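Subject: Handover of a structure and notes on its features

Dear colleague,

Please find below the structure that I am passing on to you. My notes on it follow directly after.

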Amino acid sequence: MRTDTPQPVRLSDYRPFPFTIETTALEFRLEPSATRVKATLAIKRSGAAGEPLFLNGERLKLISAAIDGQALSANQYRLDGEGLTIHQVPDSFVLTTEVEIDPSANKALMGLYMSGGRFCTQCEAEGFRTITFFPDRPDVLSRFTARIEADKAFAHLLSNGNLLESGELPGGRHFAVWNDPFPKPAYLFALVAGELDVLEDSFVTMSGRTVALKVFVDPGQAPRAAYALDALKRSMKWDEEAFGREYDLDLFMIVAVRDFNFGAMENKGLNIFNSSLLLAQPETATDMDYERIESVVAHEYFHNWTGNRITCRDWFQLCLKEGLTVFRDQSFSADMRGEAVQRIKDVKALRARQFAEDAGPLAHPVRPNSYLKIDNFYTATIYEKGSELIRMLKTILGAATFRKSLDLYFERHDGEATTVEAFIACFADASGRDMSDFFAWYEQAGTPAVSLTHAYDAAAKALEITLAQSTAPTNGQPTKRPLPVPVTIGLLDGDGAVLRDSEVVLLDAASKTVRWEGVDRAPVVSALRGFSAPVNLTADTRAVDRYVQFAADPDLFNRWEAGQTLARELILGRAAGTPDEVGEERYADALGKALVDDASDPAFKALLLALPTEGDLSLAVEPVDPAAIHAARDHLKTVIAVHLGDLLRRLHGDLQSGGEFSPDARAAGKRALRNACCDLLAADPHAVNVERVVGHFDSAANMTDAMGGLSALVTIGGAPAEKALAAFHAQWRHEPLVLDKWFAAQARDPGDGAIGRILALTAHPDFDAGNPNRLRALVQGFASGNPARFHDGSGDGYRFLADQILAVDGFNPMTAARLVEPLGAWRRYVPALGALMREQLERIRGHEGLSKNVLELVSRALD
């Protein structure tokens, strides 16, 4: 049993660091199992006289420590598991420490570690403290110089900033010296050393400077980085045009590594990427991979201003850099991929991850007020909901004032570590508005529920719309304040003609009624257009009006949303024992009409074909019965496949392309629609359809179509699926990123024997739990992507996940903690399942030696 009780870090306890670190000079003598790190810090006191100096440091072997060249004796400092405390220090001095670390033994992938025979770092949030003694907090900014020495086998020696010097050393070694002229916190430090290929290009900034661009990858992989490099150049140009932000160094580098806990990291001038988010070619990467690469390359580049030049004062302000940067990368993707399609995809992701987070015990504000491990707050709430708050600011203030506010933010806080309060103050000052009420969005957890009712007076040609809001209690927040919610509303008539263009109604109280005159005909109210606020909207909209929206709403998000709502009501009705067979046929017919609308983009049609996911559906009902939801959703999918069979087969054939592959939005949209047709045909697995799906897989000329066919065959099951899986593995067994997809496809196997397959795959020679990509593909793919089988009544799925969490926690607590969430919402499920989920959470919490990362999330789920 656990007897220790870790103490939380609280926002209310924040105190500035009592010293400034003006410069930091690091010297690395790299050896895989015995790296020496010498740190020379120029320090000045900024706090109270006599206060001791504390430097974070974990798993470091201290070799020496000296102040102004004088070695410290043992009684002048205290060394413990948290760091180094020097009892008495001058007001201005130079501290020199030397430590030894073992990168080869670092399986947590935080700090300095080995990946594929190369040295690599990941310092956000608290990894730098495992490299050397330092105040490892984001409000301590210093100018870094790094000298790296290694064997020549590690051909490239890279760090932040600009290269000052490099050369050879005796004994087959060499060195490089890097300097970053911009002050930065330790979490933005980066180092990479190894044998790498490089793809090079350049970019001319808006002021005429030429910036060298370099992407470093595994030997032989350089051609696969071409799309990422192109995305980088487009990102740089877009940021200049959209936000006036120009890159500030002479060199921008990206390195791809296979073993990485995150997607990517924005280290100043030296971004480090999970290779799955950087490498792409048509044979090995899907269209979704290309989209994610484009988005993440942009995200990490945009951090140069929103995260690096201006960083966060403390980790409670994490949303300040992440929410704003997600908004920027989503805006970029909308310009690259199409605004409506991108918005739908972003909202789908928000609902799947963040709304689910808000609906369970892991709900937290966009700016939390306490944590045990900050690693646990790299969440959808911080990122995606944080982005939605920025989007609402733009909606409320208008594009021009929004840009003026951001310009003020960049001007006022460049070079600082700042706060959400300071950020919102820029919007208040630039707009002349009181923004104090908006700040509640950052402090209050939960997804607001907004209701809309309307009354039309035909004689007066007037419409009254009443909006009301409420937010359910969450842990630690039993009562909620009303929030300023921008609700964008337009009106259609019964034939789909526009009666009134979009208008923003600001719901800034518990309820609000607006009256619109001059409404000539009974309206269809189209509310929350563009998903103007991250809320759950219920409206007194009749099914007949939703069909009008589904056919004709000029706001494409709301057209898609109408279809999703109709499908959701049909599925949940059947799951509850009240099926509407006539409604199911009517929905299929309306879907068919949408598919033959030549004015619609293929990518949009593909989104229309996708039914709400089982995860989405589970958020709309309580208690959740996963088996009933799965069966009801499968039934509607089969109804559509049967009703539209001829049309789906015709579209599937017409959309087949033998031309050269292009990753652009239009070509990707056509492939998306063709694969959506394939997926639906698999729901009606008679001989003709099975033959077509097999042909889809066998003839695939790119990974998008190959995975579309493979996933459809796994859904069908049986001999065709096994044959395809064997062929796929034989072809791609030497391609790690593609093999991740093979594991992920099987993780979502809807068949009765799914858990047995998953257990067998954990013993497969190609499965490596030490690689986060492979672990996520199989374990997270099963627990989050296969709810019907994960929530099997035997509880085997829960036991499997708990076993994996405990095993991984022993060497990578951050990754283990990210597996807890599927068990966290146990209270929302039918009692029999909830009890089994709780049992596994209790088992995890009682495990000896559990990390703070996992303990925090499991305890929040149980308490």
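A pocket, as the word is used here, is an open set of points on a 1 Å grid over the protein atoms alone, with protein on both sides within 12 Å along at least five of seven lines. Please note that the model is predicted.

**The second largest pocket**

The space in the second largest pocket comes to about 1400 Å³. Its lining consists of 48 residues, and those nearest the centre are Asn 56, Glu 58, Glu 82, Glu 126 and Arg 129. Sorted by class, the lining of this pocket holds 21 nonpolar, 10 polar and 17 charged residues. Four elements each supply at least two lining residues, namely strand 1 (9-10), strand 4 (53-56), helix 25 (813-817) and helix 28 (852-862). Strand 4 provides the largest share of the lining, with three residues.

**Backbone exceptions**

Arg 59, a residue other than glycine, has a positive phi near 60°. Arg 59 sits in the loop between strand 4 and strand 5 (61-67). The peptide bond between Glu 124 and Ala 125 is cis, with omega at about 5°. Ala 125 belongs to the loop that runs between strand 11 (118-122) and strand 12 (143-151). A cis peptide bond also links Glu 622 to Pro 623, where omega is about 0°. Pro 623 is placed in the loop between helix 13 (614-618) and helix 14 (626-643).

Strands of a sheet pair through backbone hydrogen bonds, either parallel or antiparallel.

Which residues are the bridge partners of Ile 489? In strand 30 the partner of Ile 489 is Ala 527, and in strand 28 it is Glu 503. Strand 27 and strand 28 form a hairpin with five residues between them, and Gly 496 in the turn has a positive phi of about 95°.

Strand 25 (residues 449-457) pairs with strand 31 in the parallel sense over four bridges, and Ser 451 stands opposite Thr 538 of strand 31.

**A hairpin of strands 17 and 18**

Strand 17 (residues 197-204) and strand 18 (residues 210-217) run antiparallel and are joined by eight bridges. Among the paired residues, Val 204 has Thr 210 in strand 18 as its bridge partner. The two strands form a hairpin with five residues between them, and Gly 208 in the turn has a positive phi of about 95°.

**Helix 11 against helix 12**

The axes of helix 11 (residues 581-595) and helix 12 (residues 602-609) come within 10 Å and cross at roughly 170°. Angles over 145 degrees count as roughly antiparallel, and helix 11 and helix 12 are therefore roughly antiparallel to each other. On the side of helix 11, Tyr 587, Leu 591, Ala 594 and Leu 595 take part in the contact, and they meet Lys 605, Leu 608 and Leu 609 in helix 12. By class, the residues of this contact are six nonpolar, no polar and one charged.

Yours sincerely

Key
Residues numbered from 1 in each chain as written. Predicted model: local features only at pLDDT ≥ 70, side-chain atom pairs only at ≥ 80, totals over all residues. Heavy atoms only, no water. Axes fitted to C-alpha atoms, helices over the stretch in contact; angles between N-to-C directions. Parallel < 35°, antiparallel > 145°, perpendicular 65-115°, else oblique. Contact = heavy atoms within 4.5 Å. Nonpolar A, V, L, I, M, F, W, Y, C, P; charged D, E, K, R; others polar. 1 Å grid on protein atoms, 1.4 Å probe; cavity = no way out; pocket = protein on both sides within 12 Å on 5 of 7 lines; lining within 4 Å. Points joined across faces, edges and corners; volume = space filled by probe spheres on them. Pairing = 2+ DSSP bridges.
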